[in-house]
Amino acid sequence: MKIKNLIAVFFVLFATIAINAQSKKYIIHTVAFYNFENLFDTINGSNNDEEWLPDGAMNWTGRKYKKKLDNLARVLSEIGTGENPTNSPTFIGGCEIENRRVLEDLVKQPKLINRDYGIVHFDSPDKRGIDVALLYQKKHFKPTSYANIPLLIYKNQQGKEDKKDKGEATDDNVEIDNTSERVYTRDQLLVTGFLDGEEVNIIVNHWPSRSGGEKKSSPFREAAGALNRKIIDSLIKINPDAKIITMGDLNDGSYNKSVKVGIGAKLKKSELKTSGDIYNPFEQMAKEGNATLFYRDSGDIFDQIMISEPLTRNDYSSFRYWKAGIYNKPFLIQTTGQYKGYPLRNSQSEPGFSDHFPVYIYLIKQLN
């Protein structure tokens, strides 16, 4: 066959493939996680919220609270709309939440109210009273069960102190009960339900901070990773093909022992061998220099969303993972001063968005 004919055949074949690809249509759902950074109301509760009151250190007035809610609603309404322009996230995992009331206020914001978000929330034993929660669009997801699973860690589990590492500057300090020596931190939230008729399991996390130093506090996060793995294994035991999404602010990177050993997260989908294996798309992003937060001019990805092997398969007749991203639009970034380039967080003068960027993944399913 002549070269000219070969070229003609190639172009016909390529055009046919392109037309077939364009004719395929998919349902898209966005799954997001966002650290809301101190989403407190202005009411004095039983937790340690004195800083976040009108007469507290942050001078947290009703105006500031309303502005914070509006800021968060703007972000949440826009995450994932680059590839899914008709809808905000179907699922939103969140942390640093004072109580259910602030979530009820959040989902009623003008930018979110039409999405009709449901709420799954439990009060956790964290000393500051900050919790994790899951928001979900009621028209797409029907929860069938949910539970808060406590992370039991104690003072004697702490690692050795590294005098060169005093830890990050954070108000999320580790607090230890003087009697039991238990370290009270956030529970892990497990929600199971049906996403447009398909069963999905979601775990929302906010692991212990690096207060006191990374090395000293690392065993607490390693315990959190082990608990997460235990939850995953229990779901796989019930259903070997369970679709599991675990997400949160882990206060560790994808390379840390809590994630790599505790959960057993894999860098590449090709490394997944069994249905219980976990893929972490944010590990490659971290290797490429991306970040969801910064400390001492160093960026890292502490906010991660990981998925079980059944969500990575190539048969799109069922919901599968498509791709992941970090939502770091310019309006979320500090443009001046010492923290230029960092996430635009709260200050004493004005509410910001968060000291973290949100993360997200897409789930897709081919329509018949």
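Which residue, with a positive phi, follows helix 2? In this predicted model, the residue is Gly80, whose phi lies near 80°.

**The chain as a whole**

The secondary structure of the protein chain comes to 6 helices and 17 strands, and of its 368 residues, 52% are buried. When contacts between residues at least 6 apart in sequence are considered, 75% of them join residues at least 24 apart.

**Helix 2 and its surroundings**

Helix 2 covers residues 62-78, and its end C-alpha atoms are 25 Å apart, which agrees with the 24 Å that its 17 residues should span at 1.5 Å a residue. Several residues of helix 2 are buried, among them Tyr65, Leu69, Leu72, Val75 and Leu76, and the buried set also includes Lys64 and Lys68. The buried residues of helix 2 pack against strand 1 (26-39), strand 2 (91-97) and helix 3 (100-107).

Most residues other than glycine have a negative phi. Asn59, although not a glycine, has a positive phi of about 45°, and Asn59 is found in the loop between strand 1 and helix 2. Glu96 is likewise not a glycine and has a positive phi of about 60°, but the place of Glu96 is in strand 2. Where Asn59 is partly exposed, with a relative accessible area of 37%, Glu96 is buried, with a relative accessible area of 6%.

**Helix 4 and the residues on either side**

Helix 4 (residues 214-238) has 25 residues and reaches 36 Å from its first C-alpha to its last, close to the 36 Å expected at 1.5 Å a residue.

In the loop between strand 9 (198-206) and helix 4 stands Trp207, which is buried, with a relative accessible area of 1%. Leaving out residues up to four places away in sequence, Trp207 touches residues including Arg221, Ala224, Gly225 and Asn228, and its contacts also include Asp249, Leu250 and Asn251, as well as Ser258, Val259 and Ile263.

Ile244 lies in strand 10 (residues 244-249). Is Ile244 buried or exposed? Ile244 counts as buried because its relative accessible area is 0%, where the cut-off for buried is under 20%. Beyond its neighbours within four places in sequence, Ile244 is in contact with Asn201, Ile203, Ile232, Leu235, Ile236, Met306, Ile307, Ser308 and Leu311.

Gly264 has its place in the loop between helix 5 (257-263) and strand 11 (265-266), and at 18% relative accessibility Gly264 counts as buried, because the cut-off is under 20%. Not counting residues up to four places away in sequence, Gly264 touches Val259 and Ile278. Asn156, by contrast, is exposed, with a relative accessible area of 65%, and Asn156 lies in the loop between strand 6 (153-154) and strand 7 (182-183).

**Pairs separated along the chain**

| Pair | Separation in sequence | C-alpha to C-alpha distance |
|---|---|---|
| Ile244 and Ser308 | 64 residues | 5.2 Å |
| Trp207 and Asp249 | 42 residues | 6.5 Å |
| Gly264 and Ala226 | 38 residues | 9.3 Å |
| Asn156 and Val183 | 27 residues | 9.8 Å |

**Enclosed space**

Rolling a probe the size of a water molecule over the atoms shows where empty space is left. The structure holds 2 cavities of 30 Å³ or more, and about 50 Å³ of space lies in the second largest cavity. Which residues line the second largest cavity? The lining is made by Phe122, Ser124, Asp131, Val132, Asn148, Arg186, Asp187 and Leu189, and by class it has 3 nonpolar, 2 polar and 3 charged residues.

Definitions and conventions:
Residues are numbered from 1 along each chain as its sequence is written. This is a predicted model: local features need pLDDT of at least 70, side-chain atom pairs count only at pLDDT 80 or more; totals for chains, interfaces and linings use all residues. Side-chain values use heavy atoms; hydrogens and water are left out. On a 1 Å grid over the protein atoms alone, a cavity is a set of points where a 1.4 Å probe fits but cannot get out, and a pocket is an open set with protein on both sides within 12 Å along at least five of seven lines; lining residues have an atom within 4 Å of a point. Grid points are joined across faces, edges and corners, and a volume is the space filled by probe spheres set on the points. Ala, Val, Leu, Ile, Met, Phe, Trp, Tyr, Cys and Pro count as nonpolar, Asp, Glu, Lys and Arg as charged, and the others, Gly among them, as polar. Helices (H or I, at least four residues) and strands (E, at least two) are DSSP runs, numbered from the N terminus. Buried means under 20% relative accessible area, exposed over 50%, partly exposed in between (1.4 Å probe, protein chains only). Contact means heavy atoms within 4.5 Å. The expected span of a helix is 1.5 Å times one less than its number of residues.
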